[in-house]
Amino acid sequence: MSLKRKAAEVATDASKKSKSNASITAFFGAPKTTPKAEVNFSKDEWVEKLSDEQKDLLKLEIDTLHDSWLPHLKDVLVSPQFLELKRFLKKELGAGKTVYPPMGDVYSWSRHTPLNTVKAVILGQDPYHGPNQAHGLCFSVRPPTPAPPSLKNIYIALKKDYPDFKAPPKNGGLLTPWAEHGVLMINTCLTVRRGEANSHSGKGWEQLTQKVIDTVAKNRSQGVVFLAWGKPAENRVKGVNAEKHLILKSVHPSPLSASRGWFDCGHFKKTNDWLVKRYGEGSEIDWNLNVDPEEAGV
């Protein structure tokens, strides 16, 4: 039995009857409360108005940021702070520095989880700074890299919520299936220098990723689940309307803090219980990860 199915069974019949069809349609439809200017947004026209330097600095965003996010993030992208960040990154790469994740993966979160598919948000902090680890989804690593300690602790908490939970084969840490099921997994800072944790923090990524969080809170107005693990993540969701959305807080799953309540936080089951109660059967997340990497888009 899948974890989705088991979650559905906990919802009351009354919740299913009252929320099911109309709510699911609203949830999986186009984002709500989208300003008219953004509905009519033309990427080609926006790019055409950029200066030559902006086009050069923003080539990665133009080429790899999913179109569902661009209308909402475009103003941040042309802000002086973000353009300075891109100049900094250009210098880092030009000086031969190794930056993770690979540039083509920096915005993979946006492509795996378009805005109108977001059901839950997991907030990370800094990308992994070792080789063959970070690929643009917080906590996730591509095979054959083994699951890092924080992710192993996530698996333990999941197993407590769902005894049938299956982790990826070969001690893997690929979380792409979650992203494909509507779990937006984004770090506060989107790049890092090899071997130097937090080396790109405070350079401008925080402005963009805060806008991502605010965009989800505003445009997924029927309600999503925000999973904030650790104080930095809690600070990111301070402006989220707790009456519309479910905000789940816990210590970080890192070995340094997990013993202070992480393992019994119950966030994965609470997420599904809330989604099923609010939107009906079929809206919950299948947390199982025992998926062939090729089937998961790797």
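# Structural briefing: cysteines, core, helices and backbone

The count of disulfides comes to zero, taking a disulfide as a pair of cysteine sulfur atoms within 2.5 Å. The model is a predicted one.

**Cysteines**
- Cys 189 is buried, because its relative accessibility is 1% and the buried class runs under 20%.
- Cys 265 is buried as well, at a relative accessible area of 8%.

**Nonpolar core**
- In soluble globular proteins, nonpolar side chains tend to be buried together.
- Here the largest nonpolar core holds 81 residues.
- Trp 69, Tyr 107, Trp 109, Trp 178, Trp 205 and Phe 268 have the most contacts inside this core.
- Helix H12 (residues 205-219) gives the core its largest share, six residues.
- Trp 69 reaches several parts of the chain. Beyond four places in sequence, its contacts include Trp 109, Ser 110, Thr 113, Pro 114, Leu 115 and Val 118. Leu 184, Val 212, Thr 215 and Val 216 also touch Trp 69.

**Helix H7**
- Helix H7 spans residues 70-77 and is mostly covered, with seven of its eight residues buried.
- The buried set is Leu 70, Pro 71, His 72, Leu 73, Lys 74, Val 76 and Leu 77.

**Packing of H10 on H14**
- Two packed helices are described by the angle between their axes and the distance between the axes.
- For helix H10 (residues 149-161) and helix H14 (residues 267-279), the axes come within 7 Å and cross at roughly 55 degrees.
- H10 and H14 are therefore oblique to each other.
- On the H10 side, the contact uses Ile 154, Ala 157, Leu 158 and Asp 161. On the H14 side, it uses His 267, Phe 268 and Lys 269.
- By class, this contact of H10 with H14 has four nonpolar, one polar and two charged residues.

**Backbone exceptions**
- Most residues other than glycine have a negative phi, and most peptide bonds are trans.
- Tyr 100 and Pro 101 are joined by a cis peptide bond, with omega about -5 degrees. Pro 101 sits in the loop between strand E1 (99-100) and helix H9 (108-112).
- Pro 143 and Pro 144 are also joined by a cis peptide bond, with omega about 10 degrees. Pro 144 is in the loop between strand E2 (120-124) and H10.
- Asn 132 has a positive phi of about 55 degrees. Asn 132 lies in the loop between E2 and H10 and is exposed, at 65% relative accessible area.
- Asn 198 has a positive phi near 65 degrees. Asn 198 is in the loop between strand E4 (192-193) and H12 and is partly exposed, at 47% relative accessibility.

Technical notes
Residues numbered from 1 in each chain as written. Predicted model: local features only at pLDDT ≥ 70, side-chain atom pairs only at ≥ 80, totals over all residues. Heavy atoms only, no water. Buried < 20%, exposed > 50% of the residue type's maximum accessible area, 1.4 Å probe, protein only. Axes fitted to C-alpha atoms, helices over the stretch in contact; angles between N-to-C directions. Helix = DSSP H or I, 4+ residues; strand = E, 2+ residues; numbered from the N terminus. Parallel < 35°, antiparallel > 145°, perpendicular 65-115°, else oblique. Contact = heavy atoms within 4.5 Å. Nonpolar A, V, L, I, M, F, W, Y, C, P; charged D, E, K, R; others polar. Core = buried A, V, L, I, M, F, W, Y, C linked by side-chain atoms within 4.5 Å.
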